[in-house]
Amino acid sequence: MLDDALNSPSFYQSLRQTVADLAMTPCKLELDVLPLDSVDMYGEPDRNSAYSLAGHVEVKLTPPTSLLYDPPASEERLVLESLVLTFEGQSELLSPETGYGACRIVEFSQELLQNGPVEVGHYWDENLRDPQRWLVTFNLAVPGWLPPSCYTTFVDPSRREPEVSYRLSAKATYRDMRPGSSKSLRSLCYGYSKLPSTQTTTSPLAAVKINRFTIPPPSHALATSEFTQFPFHSVEYAGSVKGSSKIPAEVLSKLRVLAYLPEHIPTDSDSFPLFIRLRPENLTKDERKRLLLPKLSVSASQTEVLRSSLSKKYAEKWPVPAPCEQHPRRPVQTRRRDVRDYECALMLTTSPNATSHSTRSILPQEYPEYFDLCGSGDGFAAAAFDDPTSWIQMRLDVPFCHVLSDKKDRHEAAPVQTLRPTESGPLLSVFHTLDVALTCTYDLSAGEEANVATEELRLSLPLSFVRLPRANARLSLDDSLLAAVPIPSYADASAECGAINMREAAFQPASLPYAQALPPYNQLFHPNGMLREDPTPLPRYTRDPKDAEDPPPPPVVCKQTPPTKLSIPASSELASSA
């Protein structure tokens with residue numbers, strides 16, 4: 001009886017089916033996130049604003065394959081029970097002073113299958129075995145307070161390590177519509193369950209870039225600015241001397257100093273204007289004769305504040321994840337490749353709350369240390385200052401560099417210090433400062449012996465570097481400035497600088513496509529959706545007096561057959577009548 005069972009055709013068919021099931025690879029469900037574009041944010045960070053991030057999640061169904069022979073025709077059906085899209089952002093920083101620091105900035109998820117499970121499936125024959133794809137559209141609301149993406153740059157331009165990065169990932173939960181028989185490999189994967197097993201799959205991480213730009217005001221709004229050709233308004237700062245001074249306080253306190261700087265400075269430019277005005281108020285002619293301003297010095301610097309953990313002020317100001325969700329309690333997925341140096345103890349281990357400050361000058365090395373003002377005339381003793389409304393005015397262009405590292409410090413392993421936008425981030429904050437020092441001398445001698453007191457009047461002014469939205473990526477703002485604007489010599493501090501037409505360089509004429517940058521949503525509407533009042537509304541429409549009268553009505557055309565045959569006019573007559 002056993003021999004009959006072994007020689008029966010059903011035994012060999014069952015054995016062949018078992019081997020075929022073991023060699024058969026079941027179908028696979030794969031995901032891929034495809035964002036359409038980067039996210040461009042405008043203005044200052046705002047928790048009441050949001051920006052759209054749209055794209056597709058690609059669902060790919062791969063047919064079964066066999067390791068021994070060509071698979072037969074088959075039909076696969078899966079039920080997508082859930083498709084969750086997750087947006088997350090993190091900040092990583094690595095430096096010898098602070099070690100490796102990381103924090104989680106934002107994380108939220110959205111279910112894309114709002115109307116319940118969705119069935120996907122396809123029938124494959126023996127010849128066509130191409131994977132089948134479906135696209136699921138998404139549109140996420142990204143918070144408007146997020147910091148922009150930034151990187152650590154190196155000498156090698158192809159190497160960049162992320163400091164603030166964002167990414168998207170998708171996770172699908174699905175089950176097979178065919179439970180399978182107890183004799184197949186599929187049932188072994190299901191654990192001999194009669195019901196379809198539930199499985200999950202995740203997509204690779206998709207990087208998302210967030211930019212933050214500042215839109216300059218319209219040209220007509222710059223009429224009251226001290227720099228009408230600069231794309232931003234001018235800001236006024238007043239200076240004074242505090243504390244003890246060698247010069248009599250009743251003299252120095254009457255020296256009024258005003259400094260004007262742009263509200264924002266584009267990072268793509270090469271220089272920014274500085275306007276200084278001085279005037280002695282209620283000083284006698286003898287006191288004005290004794291008071292001189294021999295020198296003027298200007299310095300500008302960039303200060304970077306590095307932290308090994310999330311800033312407490314940043315966590316209080318913005319809705320970042322809770323401390324229990326932060327690194328290292330819940331580690332972030334490291335994206336920096338140079339963190340391996342820290343893990344291998346090649347860098348010193350620092351305290352968890354370490355903070356480091358790094359200040360570098362942004363001025364060129366050939367920029368003079370000071371300007372000699374002794375040859376500018378009689379100073380305050382001039383007869384023009386008998387008029388209390390007279391001012392000494394000095395205007396100069398302050399150049400700055402885009403690469404701040406010295407050439408001797410540049411090698412492949414060290415990061416390159418570059419000019420950054422002014423911002424306050426979770427781990428890295430960047431501030432810019434302009435220091436103006438005016439050397440004041442006052443003759444204290446009542447007799448023939450010279451007794452000159454010297455004092456410095458210092459102004460520490462904040463600078464704000466921002467990025468402009470570029471209408472044309474091929475346009476070089478620096479080249480256009482150097483070609484069109486003759487910058488005066490550094491030595492002539494009192495000379496008027498030429499017109500800096502940076503607006504025309506940064507924005508193309510309106511006749512070109514996509515030349516005008518659209519304003520952000522929060523500048524047009526309130527948070528509740530109400531339209532904001534336009535400060536410069538368009539004039540009310542009025543009809544042209546020439547078109548005041550209504551046009552004559554069109555002639556009435558009746559479709560009928562004429563009683564007599566009419567002659568057909570020539571084509572030239574038709575053209576003249578038309």
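**Exercise 1. Which residues lie nearest the centre of the largest pocket, and how many residues line the pocket?**

*Solution.* The structure is a predicted model, in which local features need pLDDT of at least 70, side-chain atom pairs count only at pLDDT 80 or more, and totals for chains, interfaces and linings use all residues. Residues are numbered from 1 along each chain as its sequence is written, and side-chain values use heavy atoms, with hydrogens and water left out.

Step 1. On a 1 Å grid over the protein atoms alone, a pocket is an open set of points with protein on both sides within 12 Å along at least five of seven lines, whereas a cavity is a set of points where a 1.4 Å probe fits but cannot get out; lining residues have an atom within 4 Å of a point.

Step 2. The lining of the largest pocket comprises 49 residues, and Pro148, Arg420, Pro421, Thr422 and Glu423 lie nearest its centre.

Step 3. Strand 10 (150-153) gives the largest share of this lining, four residues. Strands (E, at least two residues) are DSSP runs, numbered from the N terminus.

Step 4. The pocket has a volume of about 1,400 Å³, a volume being the space filled by probe spheres set on the points, which are joined across faces, edges and corners.

**Exercise 2. What is the volume of the largest cavity, and which elements give two or more residues to its lining?**

*Solution.* Step 1. The whole structure holds four cavities of 30 Å³ or more.

Step 2. The volume of the largest cavity is about 80 Å³.

Step 3. Among the residues that line this cavity are Ser91, Pro148, Glu163 and Glu423. Strand 6 (74-95) and strand 11 (160-176) are the elements that give two or more residues to the lining.

**Exercise 3. In what order do the three strands of the open sheet stand?**

*Solution.* Step 1. The order is 2-4-9, with antiparallel pairing; two strands pair if DSSP finds at least two bridges between them.

Step 2. Strand 2 (28-35) and strand 9 (132-143) are at the edges with a single partner strand each, so one side of each has no neighbour in the sheet.

Step 3. Strand 2 pairs with strand 4 (residues 50-62) over eight bridges, and Val33 stands opposite Val57 in strand 4.

**Exercise 4. Is Ser464 buried or exposed?**

*Solution.* Step 1. Buried means under 20% relative accessible area, exposed over 50%, and partly exposed in between (1.4 Å probe, protein chains only).

Step 2. Ser464 has 19% relative accessibility and therefore counts as buried.

Step 3. Ser464 belongs to the loop between strand 25 (452-463) and strand 26.
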